[in-house]
Number of protein chains: 2
Amino acid sequence: MKCTGTIDVRDVDESSINIDPIQVGGRLTPDAMKALIAYGDGYSVCDQCRKPFRLDYIRTPPIAQFHRDLASFVNMEIARVVPGARRGFQAVADAFISPGDPVLITALSHYTEVLAIEGRGGVIREIPKTGSNIITSEQAAQKIEEVTREFHRSPTLLFLDHFDYQYGNRHDVAGIIRVAHQYDIPVLYNGAYSVGIMPVDGKKIGADFVVGSGHKSMAAPAPSGMLATTSEWAGRVFRTTGVTTDVTKRTFGIKEIGMMGCTLMGVTLMGMMASFPHVRERVTHWEEELANGRKVVDALMSIEGTLIKSEYPRNHTLTRVDTTGSFDRVAQVHKKRGFFFSSALKGKGIAGIIPGATKVWKFNTYGMTGSQAEYLAAVFRDIARENGLAVTD
Amino acid sequence: MKCTGTIDVRDVDESSINIDPIQVGGRLTPDAMKALIAYGDGYSVCDQCRKPFRLDYIRTPPIAQFHRDLASFVNMEIARVVPGARRGFQAVADAFISPGDPVLITALSHYTEVLAIEGRGGVIREIPKTGSNIITSEQAAQKIEEVTREFHRSPTLLFLDHFDYQYGNRHDVAGIIRVAHQYDIPVLYNGAYSVGIMPVDGKKIGADFVVGSGHKSMAAPAPSGMLATTSEWAGRVFRTTGVTTDVTKRTFGIKEIGMMGCTLMGVTLMGMMASFPHVRERVTHWEEELANGRKVVDALMSIEGTLIKSEYPRNHTLTRVDTTGSFDRVAQVHKKRGFFFSSALKGKGIAGIIPGATKVWKFNTYGMTGSQAEYLAAVFRDIARENGLAVTD
């Protein structure tokens, strides 16, 4: 069915159980959908923008309050909305990194952190992972020492993902930050897979910056996200323009350089705001989400030849699985080849797995009901059995 | 009426004739509204993202084709979507400016250009305006000479607004670009007030970069926009990552540093795309839009003591007006003080003027029907007459 012109209607989340690893935390709430309809127009939030003419000062709709709520949500002091977590990384990179500066990421860091650092000419160094794909504070300490010897100064900044995008493994952010702070290295906590789906306490973790993604984990439209920091660093990352132009002697008020002035002037922000009360509530149900995920993981583990590549037991609903010894064996002889698997899933109402993938793939059970999780678990086992794979009870 | 929680329904464009200077070109088309509803969820455009995993390669929905259409729309060679025109400025600034580089703007440039340059440590120099608030090629040539003497090298870049945000005046972009190119200065054409509402031919103008704003002039949700360039500069502004990490030896494909990877992964892009066929058509009706604007401007000029601060006759629907000698005289004695004016406008169904403003203010007639323009013209004259101001016929 066409939505308009050459664009098809999208109904994947209405018609299926979607287990796409990046999509599930960004599905809108019904309230966000209402806000989209009311605030769809371009600069829709600017009706009542008054002096000093900055997004985070607007009181109607309650954007100023939302900024305070966001900061308190992650227990930090000051927050801004940004067009995606990556633009938060970029703003921090811009404020801290000079060309040639050593900057730490981890062996499981997201590519957008790499781009943010590369854009400023920083030299990237990775904290290695353990054999079980975990980043530890021991490795962080060792790498900091190595980099300090190499560059004759400690790294400028550390980008740290609480849960990585590859395995959804949990890393010891508090421990690593404690180590980094011993070397006076500020740390950006990347909460793209945590802020908005589980409780995050920036102060307890010790983060200097907390970045979250609206479209990944806060039930908001893209691109949206947040960047929060402490009062110590706010003046640097949210520094205001200092220019007086040469001819007209213009100045530009309190516009923030790193934010490029206002950031989300319409539907993206309103979607975030409308979802926020629900997001604040849903993070308290993280244990139930994990329980749902475990049902599915356990079902996959019961299929002969299937390996869970993520840490086990799971601490996140995003999981990486290796079915080279199970579903891929079927693909070798099936008339649909590798497409048998996504096709069978689709036939049973499951969406979000790349068609043709039967070796190593990822899924995310976030946002399911308990019975949807049970159904999905049964689906994996059924597809296995229907294709002659042994399934233990 | 509440939309949800603490957020009121926004119905300014359903209930009024909106003349807000920045909002009128960014109101959604009905098709964009449909796309919002279908593609509201976070990463909604990524369902069929396949190798090489980049937004502008996605074929369903037809994002790849849209990128080609965008480039051709402004007659440039390569285009990308960006989270607002300002992020296009930033990407170009990042690719060209080193600290201390002299960079030209004009006396009427938008503040976001200033932030983009300031963010890279560029030194801003303004091309002056004439007494009638126009930027000319003569002044550009003279300023380039001055700056070249001051810095012992020519400016690194020139940011040039076709129509400025203060007066909506038209500046001689083609002539200024011709001059800049004689000094080998690349020019960014800021089409925030042109791309999407009137025909723009980047090649004919001679622009090295064409930037447009989705939420300002392309009937799209915020933040959205476009950055187009020539094949000469594409490799620089859209350069791809060159990093190989030290431990895992990861590389990051063809992700573009200046874009921070993918830019608009959901509703903002789909809104732009759904509106695009209408936008492409509507730019051919620019003369009718100007005719509507002139009706209103003529009505204001018929009110004793009212001055049109923008160039006259108008070449844009955005106009700056000085009513210090008319409506502000009323405000001095009216019991509602300055609020009488916005209040009277509101009573007659007109929205978009800052409450209390009676001295110098701006309005934009873009998107009105002919009879709405006649009605608005009559409203201004009526309010004048009702408050004892002389109105000529």
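Predicted model: local features only at pLDDT ≥ 70, side-chain atom pairs only at ≥ 80, totals over all residues.
Let's start with a loop. Another cis bond links Tyr312(A) to Pro313(A), with omega about 0°. Pro313(A) also belongs to a loop, the one between β11 (307–308) and β12 (318–322) of chain A.

Asn133(A) has a phi of about 65° and lies in the loop between β6 (123–127) and α6 (137–151) of chain A. For His152(A), phi is near 60°, and the residue is in the loop between α6 and β7 (157–161) of chain A.

How exposed are they? Asn133(A) has 17 other C-beta atoms within 10 Å, so it is partly exposed. His152(A) has 7 C-beta neighbours inside 10 Å and therefore counts as exposed; the cut-off for exposed is 12 or fewer.

**Helix pairs in chain B**

Two packed helices are described by the angle between their axes and the distance between the axes. Here is how a couple of pairs in chain B look:

| Helix pair | Axes come within | Crossing angle |
|---|---|---|
| α2(B) (30–38) and α11(B) (267–282) | 8 Å | roughly 155° |
| α4(B) (85–96) and α5(B) (111–119) | 9 Å | roughly 30° |

The angle for α2(B) and α11(B) is over 145°, so that pair counts as roughly antiparallel. The crossing of α2(B) past α11(B) is right-handed. On the α2(B) side, the contact is made by Asp31(B), Ala32(B), Lys34(B), Ala35(B) and Leu36(B), while α11(B) brings Val267(B), Met270(B), Gly271(B), Met273(B), Ala274(B), Ser275(B) and His278(B). Sorted by class, that contact has 7 nonpolar, 3 polar and 2 charged residues.

For α4(B) and α5(B) the angle is under 35°, which means they are roughly parallel. This crossing is right-handed as well. Arg86(B), Phe89(B), Gln90(B) and Ala93(B) of α4(B) meet Thr112(B), Glu113(B), Ala116(B), Ile117(B) and Gly119(B) of α5(B). The residues of this contact split into 4 nonpolar, 3 polar and 2 charged.

**A helix with buried residues**

Which residues of α14(B) are buried? In this helix, residues 339–347, they are Phe340(B), Phe341(B), Ser342(B), Ala344(B) and Leu345(B). Their cover includes α13 (327–333), β13 (350–351) and α15 (370–386), which belong to chain B too. After α14(B) comes Gly349(B), with a positive phi near 85°.

**How the chains go together**

Chain B can be superposed on chain A by a rotation of 180° with 0.0 Å of shift along the axis, at an RMSD of 0.0 Å. The two copies are therefore related as by a two-fold rotation axis. Both copies use the same surface, since 100% of the contact residues of chain B recur in chain A.

How many residues are in contact across the chains? There are 76 in chain B, touching 76 in chain A. On the chain B side, these residues divide into 40 nonpolar, 19 polar and 17 charged.

Conventions:
Residues numbered from 1 in each chain as written. Chains lettered and ligands numbered in written order. Least-squares fit on C-alpha atoms with pLDDT ≥ 70 in both. Contact = placed C-beta atoms within 7 Å. Buried ≥ 20, exposed ≤ 12 C-beta atoms within 10 Å, placed from the backbone. Helix = DSSP H or I, 4+ residues; strand = E, 2+ residues; numbered from the N terminus. Nonpolar A, V, L, I, M, F, W, Y, C, P; charged D, E, K, R; others polar. Axes fitted to C-alpha atoms, helices over the stretch in contact; angles between N-to-C directions. Parallel < 35°, antiparallel > 145°, perpendicular 65-115°, else oblique. Left-handed = near helix turned anticlockwise from the far one by under 90°.
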